[in-house]
Amino acid sequence: MKRIVSLTVNGVAHEVAVEPRRTLIDLLREDLGLTGTKKGCSIGDCGACTVLMDGVATFSCLTLAIQADGCEIETVEGLAENGQLNRLQQAFVDHGAIQCGFCTPGMLMVTTELLRNNPRPEEEDIRRAISGNLCRCTGYQKIVEAIQHAAKEQI
Amino acid sequence: MIEKTATEEKVNSKCFEFVQEAGLSRRAFVQLLGTGLLITVTEGISIGQRSRGGGRSIAVAARVHLNRDGTINVMTGKVEEGQGPRAQLSQAAAEELRVPVDRIHLIMSDTGLVPDDGITAGSRTTPSTVPAVRQGAATARELLVRLAADRWKVDAANLNVQDGVITNKKTRQTISYADLAGSSDVAEAFKQSVSSDVALKPVSEWKVLGESVARPNSRDILTGAHHYPSDVVRPNMLYGKILRPPSYGATLQSIDLSKARAMKDVFVFRDDQFVGCAAPSSFLASQALEAVAQTASWRITPQPSGKELFSHLKEHARTGGRSSPRTRGSIDSALASASKVLSETYTLAYVQHTPMEPRAAIAEWNDGKLTVWSGVDGPQRVQGDLARAFDVPSDRVRVIVPDMGGGFGGKHTGEAAEDAARLARAAGRPVAVHWTRAEEFTWAYFRPAAVIECKGGLEANGSLIAWDFTNINAGGSAIDTPYNIANTRILSAGSDSPLRQGSYRCLAATGNNFARESFMDELAAAAGADPLAFRLAHLENSRIRTVLETVAKHFNWAARKKKVTAEIGVGLACGTEKNSVVAACVEVHVDRKRGQIKVNEVCEAFECGPVQNPANLTSQVQGCIMMGLGPALREEMQFEDGKILNASFARYLVPRFEDVPKIDVHLVKKTDIPSAGGGETPIIAIAPAIGNAVFAATGIRLRAMPMQNALRRQLA
């Protein structure tokens with residue numbers, strides 16, 4: 001039987017009837033049309049599906065939609081501020097931290113959590129924070145540089 | 001011939017639609033682009049004509065279309081999978097049209113709208129498509145200048161173009177591309193063929209090419225607004241799941257579809273071996289598939305397993321015919337007369353590309369016409385494959401490739417497109433098929449495994465006089481030695497591949513370079529020579545010498561070689577492929593107790609002629625180094641009895657953040673040759689450099705990729 005899930009996504013309230021075994025990522029992508037959150041493996045190995053659930057970076061592919069009941073979800077679609085890329089997003093462009101960009105939403109969400117909790121991360125903190133996220137294109141270095149730059153600008 | 005109407009208006013949708021345009025007798029393709037730009041192309045045009053990098057000519061209109069707002073649509077069959085053609089081809093067009101790069105709207109990889117520029121592979125975009133786009137843009141510019149000259153009744157030589165404005169140098173009279181857009185004489189002029197001998201801007205005068213232009217649609221990537229192939233949604237769409245055999249070669253004997261058919265909202269379809277389920281959610285489709293899978297019975301056929309891979313490849317090696325050796329001098333007598341002969345065998349495991357986005361497609365049938373959105377490298381090739389598979393003329397198949405989530409040579413084929421089209425036709429509704437990671441790991445194809453046999457003969461003075469090199473199964477790219485050796489025999493022999501194999505970033509060049517550059521190191525050691533000096537003594541190719549000397553200097557090779565310990569080693573390697581050259585020095589830390597190799601530092605020098613986008617090229621070199629680390633150290637498809645044993649990122653270990661070494665990239669400047677592609681060759685030097693560094697530290701020679709596993713076997 002379907003259950004009603006009430007959640008806020010990027011500040012917008014939603015009530016959705018979902019089958020209890022469906023995942024949060026499927027609710028976001030298929031029911032709410034928020035396809036910015038990516039499915040890279042479906043089993044928590046790659047981090048592409050990372051969203052913030054009540055501020056905590058969470059694999060949406062390993063989270064049931066019903067676990068998000070009453071939660072505030074943030075996805076990549078909610079990062080831009082007043083139609084402008086935020087500092088972190090802009091740093092990814094400026095530092096060439098995207099190639100195919102499929103891992104980028106997950107990287108951005110993990111880093112958003114990091115910078116909120118630790119506005120002045122060392123390189124080691126950054127590497128640790130995003131160690132669960134896979135990228136196949138960039139060689140990672142430019143991602144670290146982009147995050148370091150965004151952190152500096154933030155201060 | 002292609003005609004475009006002057007219809008350009010702002011729209012909000014990101015989808016593609018077929019519409020009946022008012023006032024037009026023929027139905028028109030209308031593409032609603034994410035930029036809010038609408039272009040209309042009338043149907044029935046031979047837009048899919050082949051350009052193939054300036055081979056057969058196309059009309060200017062197939063390449064360039066002026067918009068009234070001053071922007072310019074430029075069409076190309078190339079695909080953006082993250083390696084930068086969207087920026088690079090925009091730069092190419094902007095350079096020759098004399099406009100800022102942000103005026104270019106690059107329309108890519110839609111068989112309904114763009115010319116066929118060939119599959120996006122083999123580093124061909126830079127040497128083939130960039131010139132083709134530049135010729136198209138330059139021809140367009142010349143035609144527009146001539147039009148202005150005719151209007152003003154002056155000699156075209158008196159006119160100048162800058163920022164999309166044509167100016168009469170004498171009278172200062174001006175007319176812009178925007179002014180000319182939509183005029184009938186432009187439409188008439190653009191019917192002319194792209195000129196293959198139109199003058200292109202020399203490198204010394206480049207203003208847009210040579211700049212680090214960011215990816216034009218970066219913003220959409222960063223905000224999640226871009227729709228990758230797996231993000232495209234169509235009205236009334238279903239999600240499809242396909243039944244897979246339990247092992248390679250298994251055939252379906254019987255299956256009971258009734259339980260799934262009884263499920264509400266579920267569509268189930270079988271056509272011989274093909275069984276698929278479709279439903280309004282991917283979860284429900286998976287549930288239905290599970291229900292039918294439980295009832296399937298299969299006939300299993302025996303399959304070779306990983307443990308017998310290399311003996312299998314050797315036993316089935318094909319020689320003769322196309323697999324005949326190329327020889328120079330007399331290899332047999334040279335080996336007989338050599339004072340020292342080395343003979344070793346190298347091996348290479350199967351690996352997979354594992355792009356972040358697995359295969360995905362959505363298919364939609366309308367009035368016997370098929371439209372497919374899918375992440376494939378060759379839209380025109382897949383268009384042909386789909387036409388054959390469904391027995392429809394290819395002009396009734398349209399393949400659209402939204403910028404996709406990586407490929408690395410792994411998406412040349414349209415399996416998901418065919419899956420989706422089969423289900424969509426049966427269901428009578430659009431169907432999306434998104435492969436899971438496990439499906440991608442199992443049912444896509446692999447970089448070929450190889451057995452590589454090397455023999456080398458040294459004279460008493462340490463010079464290399466004989467070189468015998470045979471690659472079984474992986475292929476012939478970069479198989480020729482760049483070293484100056486009087487007597488050689490080089491053979492690429494086919495074999496029977498236990499797994500489905502196909503293209504990969506730089507394909508066989510990586511394995512051939514691994515074996516050659518490792519074996520050169522062995523020969524240098526046997527000759528008592530420094531690895532760098534030994535290579536330079538046998539190397540005439542000035543481009544390779546330059547990158548080798550450059551990297552050695554930046555890495556401080558001579559000094560660091562003296563500091564090698566039992567744990568810390570340094571190694572180098574070089575190579576050439578696809579008309580570019582690369583050399584790398586690495587430092588490794590070897591933990592003998594744990595059998596671990598940690599790469600501390602990679603210094604790489606690369607040269608591919610005039611650099612068209614330095615930031616992107618640096619990204620490609622860094623990406624190649626990182627991607628190359630995987631198969632060098634850990635990546636290996638494990639298989640047994642027709643099953644992949646490690647079909648997940650948890651068991652198939654691609655490089656992660658913790659593996660990132662210090663990376664130091666040097667792009668060597670060279671402007672007196674044409675630009676070559678740079679997205680592949682930087683991958684070929686990393687593995688042998690690591691192996692050579694491990695040898696320098698430990699004296700252990702690793703002759704198998706992945707080397708981490710090889711080291712553990714040797715230490716065991």
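**A tour from chain B to chain A**

Start by selecting B:C506, a buried residue with 29 other C-beta atoms within 10 Å. Keep in mind as you go that this is a predicted model. Now check the torsions: B:C506 isn't a glycine, yet its phi is positive, at about 70°. For context, most residues other than glycine have a negative phi, and most peptide bonds are trans.

Next, jump to B:F408, in the loop between β19 (397-400) and α11 (415-427) of chain B. Here too, phi is positive in a residue other than glycine, this time near 60°. Is B:F408 buried or exposed? Count the other C-beta atoms within 10 Å and you get 27; the cut-off for buried is 20 or more, so B:F408 is buried.

Stay in chain B and pick B:M705 with B:P706. The peptide bond joining them is cis, with omega at about 5°. B:P706 sits in the loop between β30 (704-705) and α19 (707-715).

Now hide chain B and colour chain A by secondary structure. There are five helices and five strands to find, and along the sequence they run β-β-α-β-β-β-α-α-α-α. The radius of gyration is 15 Å, close to the 15 Å that the globule rule gives for 155 residues, so chain A is as compact as a globular protein of that length.

To finish, colour chain A by burial: 55% of its 155 residues are buried. Among contacts in chain A with a separation of 6 or more, 59% are between residues 24 or more positions apart.

Notes: Residues are numbered from 1 along each chain as its sequence is written. Chains are lettered from A and ligands numbered from 1 in the order in which they are written. This is a predicted model: local features need pLDDT of at least 70, side-chain atom pairs count only at pLDDT 80 or more; totals for chains, interfaces and linings use all residues. Helices (H or I, at least four residues) and strands (E, at least two) are DSSP runs, numbered from the N terminus. A residue is buried if 20 or more other C-beta atoms lie within 10 Å of its own, exposed if 12 or fewer, and partly exposed in between; C-beta atoms are placed from the backbone. The radius of gyration is taken over C-alpha atoms; the globule rule is 2.2 Å times the number of residues to the power 0.38. Two residues are in contact if their C-beta atoms, placed from the backbone, lie within 7 Å.
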